[in-house]
Amino acid sequence: LVSQNKFGDADKIGGDSGFLRWIKRRRRFSDASFICCAQEVSEQLLVVVGGGAAGIFAAIRAKGVAPYLRVLVFEKGKFLSKVKISGGGRCNVTHGHCVDTMVLAENYPRGNKELQGSFFKMHGPLDTISWFSDRGIELKTEDDGRVFPVTNSSSTIVDCLLLEARKKGVLLQTGKVVTSASRAVNGKFVLKIEKFSVDLVEAVEADYLLIATGSSRQGHSLAVQLGHSIVEPMPSLFTFKINDTHLLELSGVSFPNVKAKLVMPNTSKIIPQLTQVGPMLVTHWGLSGPVILQLSAWGARELFRSNYTGTIFVDFVPNLHFDNKQKVHNSSPPQLGLVKRFWNYLLDREGIDGDVMWACISNHTLISIASLLKHCNFKVNGKGKFKDEFVTSGGVPLSEINLKTMESKIQPHLFFAGEVVNVDGVTGGFNFQNAWSGGYIAGTSIGKLTLGDSIAKEIS
């Protein structure tokens, strides 16, 4: 059992918290009452399972609301490891072009309906930007809406979060795995902690438990042990494998703007989002880029069921419209914005000799080329590599969680945040925003619970 003395500096107050502001406003709150309340809160323990974006952010927020609350974070690997590698090492913090919560929610294939309520209103992208800015981190919003630190280094974000956690008095323990969770007679959570490197097993009793383990099976197992169900996790953001040797020879060729539609066999369900517009990239195994990743997210579960097979129809010139009366020879490849290597690929698919003069090509052939530009199909025969974020769909169903507090509807004082919940976003900073929002709400709720209803009502 973890003793109070082991936490040392974790009980120190850092900053002018909501709790302290409340104390200052209430003159009738005597010193004796203050000490009594502080001691009562200091005897309570929050255990956070998972040291990723959601877990660390929630721990910081909980200590900000209730500085005397003891907060302990267990992480089996390195803290904020996904933050470190995300965005090619730059860390796509959030998305800056979606201020309206309804528009923002539309970027979540799982959660787009449920997140239209108060979730992002309590902590949205602008709040995230302000949070980091207030701590001296300068951010920039790129043309496509993605937000990065101006340093272009994820270490800036990682260092900021860990520094803030330590300043607040959050205890961070790595190399330890929470392998089981149950409820004691006294209502506390009994957690079994294992450290495999030294064959050590500990038991911890916690008043509050936050599971923020991302897509790890560890968090799913703990949730099931505490009475929750799990939506089977499946990959969400991934690239498409294409069996076309001639296409793969174009590896590295990119298209700034295409319109792509994904069609899967034996699927009658109509999903409007399976048509996307955006940049696309040819890789040595198939197709990638934002437009492909968006399709993979929206079609994740259907693609899994079809064993990752289907057909992609690509319009390479979505801003041009051909009809039977318009001749493609009126637009040369440079005017179409296509690289020469890809133009030759199209000619090869149509069986056209590149040395033939345009005047010698029939109108029927010209129409075929135009059709291929607007409706070029590629057979998908598998998924490629995961994105750096390793995003998955699935997890604890949203129906089992109160999104206004992130508290379990099954177990009081049990909370969830981040990807352990059945929420996943498209590429562009949306998955991190889910982590920040969920962590903030959970941390706020836990902090207020420790202080009691009368005090919590006065804390913003």
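Start by selecting cysteine 160: its relative accessible area is 10%, so it is buried (buried means under 20% relative accessible area, exposed over 50%, partly exposed in between, with a 1.4 Å probe and protein chains only). You're looking at a predicted model, where local features need pLDDT of at least 70, side-chain atom pairs count only at pLDDT 80 or more, and totals for chains, interfaces and linings use all residues. Residues are numbered from 1 along each chain as its sequence is written, and side-chain values use heavy atoms, leaving out hydrogens and water.

Next, click on tryptophan 131 and phenylalanine 132. What kind of aromatic pair do they form? It's edge-to-face, 4.9 Å centre to centre with 80° between the planes. (Rings of Phe, Tyr and Trp, the last by its six-membered ring, pair if their centres lie within 6.5 Å; planes under 30 degrees apart are stacked, over 60 edge-to-face, the rest tilted.) Tryptophan 131 counts as buried at 11% relative accessibility, and phenylalanine 132 does too, at 0%.

Now jump to phenylalanine 255 and phenylalanine 316, a tilted pair with 4.9 Å between centres and 55° between planes. Both are buried.

Then show arginine 135, which lies over the face of tryptophan 131, 3.9 Å from the ring centre. (A charge sits over a ring if NZ of Lys or CZ of Arg is within 6 Å of the ring centre and within 35 degrees of the ring normal.)

Last stop: arginine 90, whose charged end sits over the ring of phenylalanine 148, 3.7 Å from its centre.
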